[in-house]
Amino acid sequence: MKIVCIGAGYVGGPTMSVIASKCPNVIIEVVDLSQERINAWNSDFLPIYEPGLSDILKESIGRNLFFSTQIEEAIEQADIVFVSVNTPTKTFGKGAGKAANLEYIEKCARTIRQYAKKDLIVVEKSTLPVRTAEAMEKILHSGESPYHFEVLSNPEFLAEGTAIQDLLVPDRVLIGGRQTESGIVAIEKLADLYAHWVPRERILRTNTWSSELSKLASNAFLAQRVSSINAISQLCEETEADVGEVSKAIGMDERIGSKFLNSSIGFGGSCFKKDILNLVYLCRQYGLNEAADYWDQVVIMNDHQKDRFIDKMIKTMFNTISGKKVAILGFAFKADTGDTRESPADYVVKQLLEEHCEVTISDPEALENAKKDLGERKNLSFEKDPYLACEGADATVIMTEWQAYKSLNFEKIYTSMRKPAFLFDGRNILDHLSIHQLGFNVFPIGKPSYVHELKKV
Ligand code: UDX
Ligand code: UDX
């Protein structure tokens, strides 16, 4: 069997590496428009940082796993084509800022139709609006092609930073398809592939539309938990309740569960916001305005959490940060990834620069992406070493929950900073009281802040 995956990104690369490792008899070719990306996959410097990825990749690359830009040739030989290209939020025309841009998906369908040399299974890996498979089927079956294309929806639930583990031991694998004879055969063929390492009872089969919708709904539910605890964090700050304690108390209720209840500066990443906007747009298209408003609020709350954080920084630093120096520790949207898409740090940095603040960004894995995202700007610098980034700063700001930041020598950092020294913990990862005792004024999220009385002059 030969599998082709179009799109060698954060999803396509790791997913195919795991399938190749678990199914050594299957030939897998990952193709991408970007020669630069493909070159990186074929080198020792992978295009994405993901723990465990390089080890699993080494098992199969050159054996049954190949990366290339030869899309046409690859499709000619394929039995199954996974489509894993990006589906960004539209930036133009109808639905701008809300709907998904399906341009690349449609282009893939046309390419598959043009180069296929036999009947094919086409698998949607990308997260898509409900009923996209229908549009794909129509494109694939239009024109002269004598072949039959069976479109399946098989959304990926991996989270960045834990992608390899999530792929090796998934909670579930979801396969949606047409409930027709050929549809059911295709579903079973894909299920057999996953059954090489996933227990059969964890492979769910549904109709196509349930599968497409489940992916949007899963991300919306996860994001909603973050916004819910962040809404509670706001109340905590007003009432001296501690969001960490509240979160623990809520999470011990088995019906609620303890995961995804960490209050933070807000969620980021390429999926949550995009998928909720997509869900909202779909609801509105069907006239379901109350349902749309409900989900919209998750994004509104997330945006508000970032604004509140910036307002607090300005207010506590004597209502002006113009000319002050701020060290941003962490630019990735979460720990253990170099991905900066929709990172809350990006928004915060841009706002601080608007206020004429001097900003230095540090991150162990995301500095190159940060440079690409922000480019050269006045008052902005990048520094890999967190200690150097904090030198002479008025404030240190934790933006990503990197493990390494928990064990920094804050005494050393305090000594090198301008006084009074401020610390804003956007991830609640530090021991706030002991850091305060070193001399810092400490501002966590949803917890009491620790402020030193200023000496009278
Ligand atoms: C993407 C989507 O964002 C996500 O919704 C979906 O679930 C999976 O695919 P990701 O892998 O993180 O996620 O995207 P990205 O890292 O941008 O990778 C997409 C790749 O597709 C890029 O390397 C891009 O060059 C490639 N691509 C895009 C093509 O090869 N052909 C195209 O027509 C468009
Ligand atoms: C998410 C989904 O988890 C995954 O199933 C889907 O396939 C893609 O989207 P990802 O965006 O990679 O994965 O990371 P995730 O761990 O979900 O975190 C998303 C954002 O929420 C991050 O910015 C993270 O820091 C934030 N978050 C998460 C919180 O602020 N608090 C939490 O308790 C959990």
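Reply: Let's start inside. The largest nonpolar core has 119 residues, and Val81, Val122 and Ile328 touch the most other members. A core here is a set of buried Ala, Val, Leu, Ile, Met, Phe, Trp, Tyr and Cys residues joined through C-beta atoms within 7 Å. Buried means that 20 or more other C-beta atoms lie within 10 Å of the residue's own, with C-beta atoms placed from the backbone; exposed is 12 or fewer, and partly exposed is in between. Helix α11 (residues 272–285) is the top contributor to this core, giving seven residues. Helices (H or I, at least four residues) and strands (E, at least two) are DSSP runs, numbered from the N terminus.

Before going on, bear in mind that this is a predicted model: local features need pLDDT of at least 70, side-chain atom pairs count only at pLDDT 80 or more, and totals for chains, interfaces and linings use all residues. Residues are numbered from 1 along each chain as its sequence is written, while chains are lettered from A and ligands numbered from 1 in the order in which they are written.

Now zoom in on Ile328. Setting aside neighbours within four places in sequence, its contacts (C-beta atoms, placed from the backbone, within 7 Å) are Ala345, Val349, Val359, Thr360, Ile361, Ser362, Val397 and Met399.

Helix α6 (residues 132–140) is worth a look too: its buried residues are Thr132, Ala133, Met136 and Leu140. Looking down the axis of α6, these fall within an arc of 100 degrees (taken from the directions from the helix axis to the C-beta atoms), so they line one face of the helix. Their cover includes α5 (103–115), β5 (120–124), β6 (149–153) and α9.

On to the overall layout, with bounds from an automatic or database domain assignment: there is domain 1 (2–198), domain 2 (216–303) and domain 3 (305–443).

Conventions:
Two residues are in contact if their C-beta atoms, placed from the backbone, lie within 7 Å.
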